[in-house]
Amino acid sequence: MKERLFALSILLATTHISLALSAATAIIISVPDQQLAVIDRGKLISKYAISTSKFGLGDGNGTYRTPLGTLFVSAKFGDHLPGGAVIKNRVPTGEIVNANAPGRDAIVSRVIWLRGMEQQNSGARGRCIYIHGTPEERRIGTPASFGCIRMRSRDVIALYDLAHIGMHVTVTPKRIADFVQPEAPSLLARTD
């Protein structure tokens, strides 16, 4: 019995540490940079070029704008799909679209569904605001979407593996650099 209680306490402690670490990690989406960064306690983990809405910022129904503020990952779709796999209504269609295929503006590869946490973005989930792959990769880096956050297929696949349900996502008019702490100098890095 003591061994079971000890194993259970180790499991609970490990789970608590794991949850504490994951709660510190967040996604920052910088509208002026047109970049998305994964940041953990002020340290940059990864950074990707993205596209926000070509209609600007906001959360009104029918505006096709990207909502500002703090949201969170409420669902994920696309486990194990190949890059370029078309996803319609959060279900794969079986079609694969190549990057920059002419006349195609599908949701591809992965879907990370966002839910707003503030009044200014409370409609995000109902509006189906996603972070998702796009075949229009040539337009990444400029505002080009209809409200969602678009990414290259390889990038959204990498992000999908880092993102978890409940992870905070901040869409901001600030720059990524405003969220990253400068590296502390290290004696190990000295060359003299």
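Let me begin with a definition: a residue is called buried under 20% relative accessible area, exposed over 50%, and partly exposed in between, using a 1.4 Å probe and protein chains only.

Good morning, colleagues. The structure before you is a predicted model, in which local features need pLDDT of at least 70, side-chain atom pairs count only at pLDDT 80 or more, and totals for chains, interfaces and linings use all residues. Residues are numbered from 1 along each chain as its sequence is written, and side-chain values use heavy atoms, with hydrogens and water left out.

I turn to the overall arrangement. The chain contains two helices and ten strands; helices (H or I, at least four residues) and strands (E, at least two) are DSSP runs, numbered from the N terminus. Read from the N terminus, the order is α-β-β-β-β-β-β-β-β-β-α-β. Of its 192 residues, 40% count as buried. Taking contact to mean heavy atoms within 4.5 Å, residues 24 or more positions apart supply 65% of the contacts with a separation of 6 or more.

Next, the interior. A nonpolar core is a set of buried Ala, Val, Leu, Ile, Met, Phe, Trp, Tyr and Cys residues joined through side-chain atoms within 4.5 Å. The largest one has 23 residues, and those touching the most other members are Ile 27, Ile 29, Leu 36, Leu 114, Ile 131 and Leu 159. Elements giving two or more residues to this core include β1 (25-30), β2 (35-40), β4 (69-77) and α2 (153-162). The largest share, three residues, is that of α2. A second, separate core of eight residues includes Ile 87, Val 111, Trp 113 and Cys 148.

What does Leu 114 contact, leaving aside its neighbours within four places in sequence? Among its partners are Leu 71, Phe 72, Val 73, Ile 129, Ile 131, Ile 149 and Val 169.

Two strands pair if DSSP finds at least two bridges between them. By that criterion β7 pairs with β4 in the antiparallel sense, over six bridges, and four bridges join β7 to β8 (residues 130-133), again antiparallel. Val 111 illustrates both pairings: Phe 77 stands opposite Val 111, while in β8 the bridge partner of Val 111 is His 132.

His 132 also brings us to the largest pocket, whose lining includes His 132, Asp 105, Tyr 130, Phe 146, Cys 148 and Arg 150. The lining divides into six nonpolar, three polar and two charged residues.

Let me now consider the backbone. Most residues other than glycine have a negative phi, and most peptide bonds are trans. Arg 41 has a positive phi of about 50° although it is not a glycine. Arg 41 is found in the loop between β2 and β3 (43-49). Is Arg 41 buried, partly exposed or exposed? With a relative accessible area of 44%, Arg 41 is partly exposed. Asn 100, also not a glycine, has a positive phi of about 60°. Asn 100 lies in the loop between β6 (91-96) and β7, and counts as partly exposed at 32% relative accessibility.

Ala 26 is buried because its relative accessible area is 18%. Beyond residues up to four places away in sequence, Ala 26 touches Ala 37, Val 38, Ile 39, Met 167 and His 168. The C-alpha atoms of Ala 26 and Ala 37, eleven residues apart along the chain, are separated by 8.3 Å.

Note on methods:
On a 1 Å grid over the protein atoms alone, a cavity is a set of points where a 1.4 Å probe fits but cannot get out, and a pocket is an open set with protein on both sides within 12 Å along at least five of seven lines; lining residues have an atom within 4 Å of a point. Ala, Val, Leu, Ile, Met, Phe, Trp, Tyr, Cys and Pro count as nonpolar, Asp, Glu, Lys and Arg as charged, and the others, Gly among them, as polar.
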